[in-house]
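Please examine the sequence and structure below. The briefing that follows treats symmetry, the DNA surface and helix packing.

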Protein chains: 2
Amino acid sequence: MPRKKPPPKRRSGCPLNASVEMLGDRWSLLILRDMMIRGYRSFNEFLQSDEKIASNILADRLRRLESYGIIGTERDASDGRKVIYSLTAKGIDLAPVLTEMVLWAARHEVTENQALVRQMQAGKERFLVSVREKWAEKQDPGAE
Amino acid sequence: MPRKKPPPKRRSGCPLNASVEMLGDRWSLLILRDMMIRGYRSFNEFLQSDEKIASNILADRLRRLESYGIIGTERDASDGRKVIYSLTAKGIDLAPVLTEMVLWAARHEVTENQALVRQMQAGKERFLVSVREKWAEKQDPGAE
DNA sequence: CAATCTTACTTGCATATTGCAAGTGAAAAA
DNA sequence: TTTTTCACTTGCAATATGCAAGTAAGATTG
């Protein structure tokens, strides 16, 4: 089983461009923050996040992130209405990107959430490890 | 003189949200890549980059990046038509963000530009230092 | 077991952003 | 003096975003 899909049509082959095409919008990274840092896993949790994403946009972004293999979805076994969103290994690997974006903004802008910032400043590696641990239980083998 | 401006109205105070509001679109990070990695400094150079940005969008993004203090502009002394764009310290500090985005895409997607990828894999710190060196001469003291 | 509530969406429509093609004006080059 | 270059701007069509109000399926309540 191949670890990478054949390249979709991109504006260029540059790896930064690939990242930007997948993540370069006003919501995707915030959804990933909610999963990675806050442990959110359901549609309603994302909806109620501080930035107030519209439900149609949220549905669209979740679909896109899944199509890129960054998140996975499954139905909740004990509640047939609920959909559980989870990070794939590819999604977990975005932790360093999120970390650097947080540290950059914390250095150059006035921001809140200093607890998170200090956690990241204290140890980027430790943060990555904690994200991996948080999501370790949810890895489904088929995800890539 | 304060090092940070008072907070503009944001959707939330989260540092990741601040980064996303400044950089979360399909072009800003590519322009910064062109400056940081390729040494581009003029409008026409950005225009001719692989991804083919439209000139009106480019003008808008350059204005935005300058308004955030990420880049600076000056007229070329020897050619009155030319405008020279440069990275500020704040812009240079985005090198780790770019690095992690490049490494993430290189790991999970099919991409080109493997020379750059290997350079970044070989040493993130060294890359940051090289960006700083490249732009050291262009620091104007008033930039923040 | 019928009514109500929750959950994860979808739909319709107004507004904003993006992208393309074709200018424009000032400065340099021929 | 004409042409070219440079950094944009303008007009307009296409696309994306955002808001408010649904909706369908499953769970809970009386």
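In this predicted model, chain B is superposed on chain A by a rotation of 180° with 0.0 Å of shift along its axis (RMSD 0.0 Å), fitted by least squares on the C-alpha atoms of residues with pLDDT of at least 70 in both. That is therefore the relation of a two-fold axis. Of the interface residues of chain B, 100% are also interface residues in chain A, so the copies meet through the same surface.

**Conventions**
- Residues are numbered from 1 along each chain as its sequence is written, and chains are lettered from A and ligands numbered from 1 in the order in which they are written.
- Local features need pLDDT of at least 70, side-chain atom pairs count only at pLDDT 80 or more, and totals for chains, interfaces and linings use all residues.

**Surface near DNA strand C**
- DNA strand C is surrounded by 18 residues, the closest being A:Ser42, A:Phe43, A:Asn44, A:Asn56 and B:Gly80 (near: C-beta atom, placed from the backbone, within 6 Å).
- Two or more residues each come from helix H3 (43-47) and helix H4 (55-67) of chain A and from helix H4 (55-67) of chain B.
- This surface has five nonpolar, seven polar and six charged residues.

**Packing of H6(A) and H8(A)**
- Helix H6 (residues 95-108) and helix H8 (residues 124-136) of chain A pack at about 135°, with axes 10 Å apart.

Technical notes. Helix = DSSP H or I, 4+ residues; strand = E, 2+ residues; numbered from the N terminus. Nonpolar A, V, L, I, M, F, W, Y, C, P; charged D, E, K, R; others polar. Axes fitted to C-alpha atoms, helices over the stretch in contact; angles between N-to-C directions. Contact = placed C-beta atoms within 7 Å.
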